[in-house]
Amino acid sequence: LVLALDAPPQPGRGEEPGRDPISDPAIGEMALPLAQCALAESGGHTPDVVAIVWVIGKRARQAGIPPAEMARRYCRIHRDEARGPGHVRRHRRWLLELDWQRTQPQPPSWPGGRWSAMEAIWRRTQLLVLLVVSGELDDPCPDAFHWGSAEDGRPTRTHPVSCGATRNLFWSRPGRGA
């Protein structure tokens, strides 16, 4: 999977020759909020990124809105941003400074540490988002409709759902599940 993620797009597999989905502004408009959310909520942990992007997609379909809009409504990093810059925790502001591009310069508010390691995680997150939205990666937990941590608590009338080796917890739709 890691080798596939780093491979350039292959002409003839639904991609136009020379078209780079990581540099395409139209794809970025759709995918950037999803990738920012998934990274903020998972730290870039692959199983969590995949499950989170799938949950956002399911919630978006139910609400009849684009997944990018659902990410803005459902993910804390975007909800905090919508309330104003002072509501985004200082150590997380850099997430909102990420762009949809092949090479990501260090964000101005990066809190420190080796940027090259996080840049690689960001790149992997971008590619995982593309694989999920293109249907290349299956939904690891079709019954999941919410996620969070133990501190967040289980949403009312939901049941735990296994999404594999995730760090986040996932739950069913209200009133569904065993």
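Strands here are DSSP runs of E of at least two residues, helices are runs of H or I of at least four, and both are numbered from the N terminus. The model is predicted, with local features needing pLDDT of at least 70 and side-chain atom pairs counting only at pLDDT 80 or more, while totals for chains, interfaces and linings use all residues. Residues are numbered from 1 along each chain as its sequence is written, and side-chain values use heavy atoms, with hydrogens and water left out.

The open sheet has three strands in the order β1-β3-β2, with antiparallel pairing (two strands pair if DSSP finds at least two bridges between them). β1 (146-148) and β2 (160-161) are the edge strands, each with a single partner, so one side of each has no neighbour in the sheet.

Thr-158 sits in the loop between β1 and β2. Thr-158 is buried, at 0% relative accessible area (buried means under 20%, with a 1.4 Å probe and protein chains only). Beyond its neighbours within four places in sequence, Thr-158 is in contact with His-146, Trp-171, Ser-172, Arg-173 and Pro-174 (contact means heavy atoms within 4.5 Å). A polar atom of the Thr-158 side chain lies 2.7 Å from the backbone oxygen of Pro-155.

Elsewhere, helix α7 (residues 115-133) has 19 residues and reaches 27 Å from first to last C-alpha, close to the 27 Å expected at 1.5 Å a residue (1.5 Å times one less than the number of residues). Its buried residues include Trp-115, Met-118, Trp-122 and Gln-126. Just after α7, Gly-135 takes a positive phi of about 85°.

Terms used:
Buried means under 20% relative accessible area, exposed over 50%, partly exposed in between (1.4 Å probe, protein chains only). A polar contact is a pair of N or O atoms within 3.5 Å; within protein, one must be able to donate a hydrogen and the other to accept it, and residues adjacent in sequence count only if both atoms are side-chain atoms.
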